[in-house]
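Dear colleague,

I am passing on a structure that you have not seen before, together with some notes on what turned up in it. Please look through the sequence and the model first, and then read on.

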Amino acid sequence: MSLDISMWIWLPLSLAIILAFANKTKASITLLAISLIGGLIENRLNISGFVTLIVGIAIAHKTPNLERKWQIGSYIFILFWCVALFLHAIPGFRNAKVLDAVITGPQSIPFTMYLNLDKPFIFFGLLFAYPTLLGNKRTFNIKAIFLTAIPLFSLLPIAWGLGALQPEITVPDWWWLFLLNNLLLTCVAEEAFFRGFIQQSLSKQFGWIIGIAMASLLFGLVHIHGGLLLVAFATLAGVGYGLIYRYSSRLWVAVLFHFVFNFAHLLLFTYPMMK
């Protein structure tokens, strides 16, 4: 595990995300600005990366109030901006490698983890561009949520049965770092994009079944680096997260279940999933 003092910039960024979910907009933006300026000072972000983020956020902020013909183009830009941030394809970022080829136990394969400065901004861009991102809070079907959670968490023992995982109960000394990174920086960005933006947009146009199916398939395909079996399991997990988002009407609930699934995988099975 490798930590240095420059990583303080992820603290205001994490707090900005939490406050955004609590609808504390001014405080969230203030902390976001501190994180950005800190990134420049600490050389985790250069001018090109800074400008790319500011331009993306500015366009996202204007998008809801644009005329329809301009709004479509703006959403297309935001879509590609988000994908580029996901793929770390935008230059100007020096993300922090905090875990380098560590293992959770003797059966697990090496695992490397970064604290990303680019990917979390997907959440903020979409939050500005898509005012209903956090959910409409019209429903909260707790029974349906927990009935969905049963097959969702069954995916882990099913993966064991297929030989993709093995039981390995471990608590690595860096569990707290995984918790903070996976919950606030990874799951928030992924759920904001795939459930809050893609699923919600497609559901409005084609119905909720198509919305969940397409968002889940895309979520599965971004895991292609782990092989076809991982794509299949990620797609099925995406269906679970999508249903939970639909039944709760709250993005934070989908984020929470996504994180708990990942954390259960870390603590109870070999990590990550074998190819």
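To begin with a term that the notes rely on, a salt bridge is a side-chain nitrogen of Lys or Arg within 4 Å of a carboxyl oxygen of Asp or Glu. The model is predicted, and for that reason local features need a pLDDT of at least 70 and side-chain atom pairs count only at pLDDT 80 or more, while totals for chains, interfaces and linings use all residues. Residues are numbered from 1 along each chain as its sequence is written, and side-chain values use heavy atoms, with hydrogens and water left out.

With that in place, glutamate 191 forms a salt bridge with arginine 195, and their closest N and O atoms are 2.7 Å apart. Both residues lie in helix H7 (residues 175–206), four residues from each other, which is about one turn of the helix; helices here are DSSP runs of H or I with at least four residues, strands are runs of E with at least two, and both are numbered from the N terminus. Glutamate 191 and arginine 195 are both buried, where buried means under 20% relative accessible area, exposed means over 50%, and partly exposed is in between (1.4 Å probe, protein chains only).

Histidine 258 belongs to helix H10 (residues 251–268) and is buried, with a relative accessible area of 2%.

The search of the whole structure finds four salt bridges. One of them joins arginine 44 to aspartate 4, with the closest N and O atoms 3.1 Å apart. Arginine 44 sits in the loop between helix H2 (25–41) and helix H3 (47–62), whereas aspartate 4 is in the segment before helix H1 (10–21), so this pair ties together parts that are 40 residues apart in sequence. Arginine 44 counts as buried at 5% relative accessibility, while aspartate 4 is partly exposed at 37%. Another salt bridge links lysine 97 with aspartate 100, where the closest N and O atoms are 3.9 Å apart, and lysine 97 is partly exposed, with a relative accessible area of 37%.

Arginine 44 is also one of the contacts of arginine 94, which, apart from neighbours within four places in sequence, meets Glu42, Asn43 and Arg44. Arginine 94 lies in the loop between helix H4 (68–86) and strand E1 (96–102) and is partly exposed, at 40% relative accessibility.

As for the chain as a whole, it holds ten helices and two strands, arranged along the sequence as α-α-α-α-β-β-α-α-α-α-α-α. Its radius of gyration, taken over C-alpha atoms, is 19 Å, which agrees with the value near 19 Å for a compact globule of 275 residues, the globule rule being 2.2 Å times the number of residues to the power 0.38. The C-alpha trace spans about 50 × 45 × 30 Å along its principal axes, and buried residues make up 51% of the 275 residues. Of the contacts with a separation of 6 or more, 74% are between residues 24 or more positions apart.

With regards

Conventions:
Contact = heavy atoms within 4.5 Å.
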